[in-house]
Amino acid sequence: MITLDEFKASIEGSGAFQRDKDREVLLQMLSVLENQEVGDDLVHNLLVQIKQKEIAERLAVASFDFVAGKKTLEDLTSIYETFEKVETSLAEPKFVTDDLDELYQQTIATPGLRWRLGTLNRMLGSIRRGDFGFVFARPETGKTTFLASEVSNFAGQTETPIIWVNNEEQGSKVMTRLYQAALGLSMEELMGDRRAAQQEYQRLTRGNIKLFDDASVYKRHLEDLCDKHKPSLIVIDQIDKIKGFDGYREDLRLGKIYQWARELAKTYCPIIGVCQADGTAEGVKWLNMGHVTSAKTSKQAEADFIIGIGKTNEQGRELTRYINISKNKLTGDPDTLPELRHGFCEVVIDPIRARYKDVGE
């Protein structure tokens, strides 16, 4: 995929900005592209047109020189032949293998990123490139703690970075939670010996977690980060707040965000988004797709898996969380149980150490 910066460089390299009659039009076009969804085919066609126009202008100048006796017919032919060298077609399509052994190795036998919670491994299995899902819950349920618990476990399984986009809580607070989750320590224990804690954190996570903290994250920012770092996982908290999308209805705007995230997952790596549950989920244990805020279909349709985290107000259940898998299109692992594909389970939140634990752990 070509980036907008590469597109600008291609235009500059063609000399188009040096022509007064083209400069204003090109600047306006680039301004529009900054905040629009641009496919590879559109960018490719624009580049082809710019290159062909540049060759045509060279040919026109050479034709005048030919009439004046300054150029030969061979010179004109040489310039004309460069038209044929412009690549007018996109790359050849890549077909999916139909070799069953290879399919088994790609989708089941070769593990992706495994969860800290054993129940999620039994219900969902690994997440792999192409997988996009989201976690949703009411405020103050423990969504960030859930992410910290799982992401700190994912980090030790990969050689490439995990990009965590944070547009919600204070970044330093989230990073501290990641330390606690990775090490299983309370705040007092963590800060008691900071040097030792940092060394152990780096050993466990391999320094793979990159926290991008910005209250106004545009889709182009994340696309550029992906192109630069080639991540193994992307976490977006909160995904509904990603900018650069429009729609005359809020559900349509959100649908575009989730469709974009799904396409990004196919290109780079699995993506986990986070969003809120609506008011009907307050005090509800088992959240389903109908509890997702601001959308009843557009978000849910794009996801491969959906994890709802419920919480009750019953006395004595303050640390119990209720996980419901309301959608699951993942292929799983050899130890994933088919009967639990759309299962639900109780887990325990340990807010002191930023961990989620299986019951009885």
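Me: Where is Lys230 found?
Reply: In the loop between α11 (219-229) and β4. Bear in mind that this is a predicted model.

Me: Which residues does the cis peptide bond join?
Reply: Asp237 and Gln238. Omega there is about 5 degrees. Most peptide bonds are trans.

Me: Where does Gln238 sit?
Reply: Gln238 is in the loop between β4 (233-237) and α12.

Me: Switching to helices. At what angle do α7 and α8 cross?
Reply: Roughly 55 degrees. The axes of α7 (residues 143-154) and α8 (residues 171-183) come within 8 Å. That angle makes α7 oblique to α8.

Me: Left-handed or right-handed?
Reply: The crossing of α7 and α8 is right-handed.

Me: Which residues meet there?
Reply: From α7, Thr144, Thr145, Ala148, Ser149, Val151 and Ser152. From α8, Val174, Arg177, Leu178, Ala181 and Ala182. The contact of α7 with α8 divides into six nonpolar residues, four polar and one charged.

Me: How far apart are the axes of α8 and α10?
Reply: 10 Å, with α10 covering residues 194-205. The two helices pack at about 75 degrees. That makes α8 roughly perpendicular to α10, because angles of 65 to 115 degrees count that way.

Me: Who makes that contact?
Reply: On the α8 side, Met175, Leu178, Tyr179, Ala182 and Leu183. On the α10 side, Ala197, Gln198, Glu200, Tyr201, Gln202, Leu204 and Thr205. By type, the contact of α8 with α10 has eight nonpolar residues, three polar and one charged.

Me: Now pockets. How much space lies in the largest pocket?
Reply: About 730 Å³.

Me: How many residues line it, and which lie nearest the centre?
Reply: The largest pocket is lined by 17 residues. Gln106, Thr107, Arg128, Arg129 and Gly130 lie nearest its centre.

Me: Which helix gives the largest share of the lining?
Reply: α5, with three residues. Both α5 (100-109) and α12 (250-267) supply at least two residues each.

Me: How does the lining divide by residue type?
Reply: Eight charged, five polar and four nonpolar in the largest pocket.

Key: Residues are numbered from 1 along each chain as its sequence is written. This is a predicted model: local features need pLDDT of at least 70, side-chain atom pairs count only at pLDDT 80 or more; totals for chains, interfaces and linings use all residues. Side-chain values use heavy atoms; hydrogens and water are left out. Axes are lines fitted to C-alpha atoms, for helices over the stretch in contact, and angles run from 0 to 180 degrees between N-to-C directions. Helices (H or I, at least four residues) and strands (E, at least two) are DSSP runs, numbered from the N terminus. Angles under 35 degrees count as roughly parallel, over 145 as roughly antiparallel, 65 to 115 as roughly perpendicular and the rest as oblique. A crossing is left-handed if the near helix is turned anticlockwise from the far one by less than a right angle, and right-handed if clockwise. Contact means heavy atoms within 4.5 Å. Ala, Val, Leu, Ile, Met, Phe, Trp, Tyr, Cys and Pro count as nonpolar, Asp, Glu, Lys and Arg as charged, and the others, Gly among them, as polar. On a 1 Å grid over the protein atoms alone, a cavity is a set of points where a 1.4 Å probe fits but cannot get out, and a pocket is an open set with protein on both sides within 12 Å along at least five of seven lines; lining residues have an atom within 4 Å of a point. Grid points are joined across faces, edges and corners, and a volume is the space filled by probe spheres set on the points.
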